[in-house]
Amino acid sequence: MLGNFSYCNPTKLYFGENALDNLSTELTKYGKNIMLVYGGGSIKKSGLYNNIIKILKDSGKEIFEDPGVMPNPTVEKLYEGCKIAKENNIDLILAVGGGSVCDYSKAVSVSAWCEEDPWDKYYLRMEEPDNKLIPVGCVLTMVGTGSEMNGGSVITNHKTKLKIGHVFGEEVFPKFSILNPVLTFTLPKYQMTAGFFDIMSHILEQYFSGTDDNTSDYIMEGLMRSLIHSSEIAVDDPKNYEARSNIMWIATWALNTLVAKGKTTDWMVHMIGQSIGAYTDATHGMTLSAVSLAYYRHIMPYGLDKFKRFAINVWNVNPENKTDEEIADEGLKEMEKWMNKIGLVMNIKELGVTEDMLDGIADGSFIMTGGYKTLDHDEIVDILKESM
Ligand code: NZQ
Ligand code: ZN
């Protein structure tokens, strides 16, 4: 394990079919004014909304609703949420939904009492909050982002065509998260599989960095194997509790800071994916699947040993009588087979990307330096072309 680090994750998790039973106990820790944040209506269809309202009312809370958080939440929506939170002196933000609802709630948490423009302060200047924060609790309905146990908060600014994530510190992590795998059963297949690849991508972004012998890599190989296994079951049988519960747990551990310890981490696929999202508003996980193979084939020569290890340890590639390049290449081919099998989007055209956008998307992709190869603008354009 390289480097010096500290580890603390302050989010309390309640996991399982009865997880929601713990909400009322958590609510006793906060004041009366609850801001209930949710998305476009899936929680009303599933009946979860009524259950939550009942628990809040039985707990004697005053409810201030903030519905309509869109996938890839926008900066305009953030300003609206800040107004609701401030005007009603909110004591707890209760996020009920997927990563977008959780991310947005964290953004409101740091922004409601912020005297400057939160987009400028947190997303352009990347400053940390120095004002009062509103605590956030989550009831998760979509699996993938890890937002339920991390400080990530991604906001999109369509005017400037920028989608930017700020990874806030422990004080912004949700105070608690309720993870009931059954709540994810109503997800459409497209969202479900997008989430599966989001998980895979989070692991790959952290795995493909460094050359030291690192415990985090072994943990990640286990997480990937479990994800591959359970995702194939879930695609055929979406109500398979065992598979869906495993995947929910993998998603949380894939991005709750643990496996990043001792790693430099890459995140270049996410930077390109986010920029595609800013141009197309496409589903996050699919922006990652559509560029990943081109990206990993591009950087493979610079991290060959790790790609070889990935092929053998994650994809069971038999290394006998093969060169390192052949082994590594076979690993990526196995990944491609799995991606096709679970039904991911494999090109950016399908997401609405056109040739004239490629330069702009490359410009909007922040360059990361923790992976095996630091890309330049032209390399990103090449990867995008390859992904068309
Ligand atoms: O809005 P509703 O009606 O709830 O519908 C949502 C939405 O349309 C639907 N959905 C969610 N749960 C459902 C359901 N439909 C039926 N049944 C359910 N149980 O699914 C759609 C997508 O939801 P969304 O929250 O947008 O998906 P996801 O969880 O993938 O979140 C995506 C956002 O998270 C950011 C992404 O960039 C994107 O903005 N990320 C956050 C990260 C973090 N906090 O660390 C890291 C990630 O890499 C990612 O960037
Ligand atoms: Zn992601």
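Start at the boundary between domain 1 and domain 2 and look for salt bridges across it: the count is zero, a salt bridge being a side-chain nitrogen of Lys or Arg within 4 Å of a carboxyl oxygen of Asp or Glu. The model is predicted, so local features need pLDDT of at least 70 and side-chain atom pairs count only at pLDDT 80 or more, while totals for chains, interfaces and linings use all residues. Residues are numbered from 1 along each chain as its sequence is written, chains are lettered from A and ligands numbered from 1 in the order in which they are written, and side-chain values use heavy atoms, with hydrogens and water left out.

**The two domains**

Select 12–183 for domain 1 and 189–386 for domain 2; such bounds come from an automatic or database domain assignment. Taken over C-alpha atoms, the centres of the two domains are 27 Å apart. Domain 1 puts 28 residues into the contact and domain 2 puts in 25 residues, where contact means heavy atoms within 4.5 Å. The area buried between them is about 2200 Å², and carbon and sulfur atoms give 67% of it. Buried area here is the accessible area (1.4 Å probe) that two parts lose on being put together, summed over both. On the domain 1 side, pick Val143, Lys161 and Lys163: these lose the most area to domain 2, together 26% of what that side buries.

**The nonpolar cores**

Next, select Tyr296, Phe310, Met335 and Leu384. In the largest nonpolar core, which has 104 residues, these four touch the most other members. A nonpolar core is a set of buried Ala, Val, Leu, Ile, Met, Phe, Trp, Tyr and Cys residues joined through side-chain atoms within 4.5 Å. Buried means under 20% relative accessible area, exposed over 50%, and partly exposed in between (1.4 Å probe, protein chains only). Domain 1 and domain 2 each supply at least three residues to this core.

Centre on Phe310. Setting aside neighbours within four places in sequence, Phe310 is in contact with Leu204, Tyr207, Phe208, Met224, Trp315, Leu332 and Met335. Another core lies apart from the largest one; it has 23 residues, including Leu20, Leu56, Leu92 and Phe176.

**The zinc site**

Move to ligand 2. Which residues coordinate this zinc ion? They are Asp198 (OD), His202 (NE2), His270 (NE2) and His284 (NE2), at 1.9 to 2.1 Å. Donors are N, O and S atoms within 2.8 Å of the metal (3.2 Å for Na, K and Ca); water is not among the atoms, so sites may look incomplete. Along the chain, the donors follow the spacing D-x3-H-x67-H-x13-H. His202 sits in helix 7 (residues 189–207) and His270 in helix 10 (residues 268–280), so that distant parts of the chain, 68 residues apart, are linked. Helices (H or I, at least four residues) and strands (E, at least two) are DSSP runs, numbered from the N terminus. His202 is buried at 2% relative accessible area, and His270 is buried at 5%.

**Two positive phi angles**

Select Met126, in the loop between helix 6 (118–124) and strand 5 (136–140). Its phi is near 55°, a positive value in a residue other than glycine. Met126 is partly exposed, at 37% relative accessibility.

Then go to Thr265, in the loop between helix 9 (241–254) and helix 10. The phi of Thr265 is near 65°, again positive in a residue other than glycine. Thr265 is buried, with a relative accessible area of 12%. For background, most residues other than glycine have a negative phi.

**Salt bridges**

The structure holds 21 salt bridges. Show Asp66 and Lys77, whose side chains meet in one of them (2.8 Å, N to O). Asp66 lies in strand 3 (residues 62–66) and Lys77 in helix 4 (residues 75–87), so the pair ties together parts 11 residues apart in sequence.

Compare Glu26 and Lys29, with their closest N and O atoms 2.9 Å apart. Glu26 is buried, with a relative accessible area of 2%, whereas Lys29 is exposed at 52%.

Glu330 and Lys322 form another salt bridge, at 3.3 Å between the closest N and O atoms. Finish by selecting Glu116, Lys121, Arg125, Glu127 and Asp130, which are joined into one network by salt bridges that share partners.
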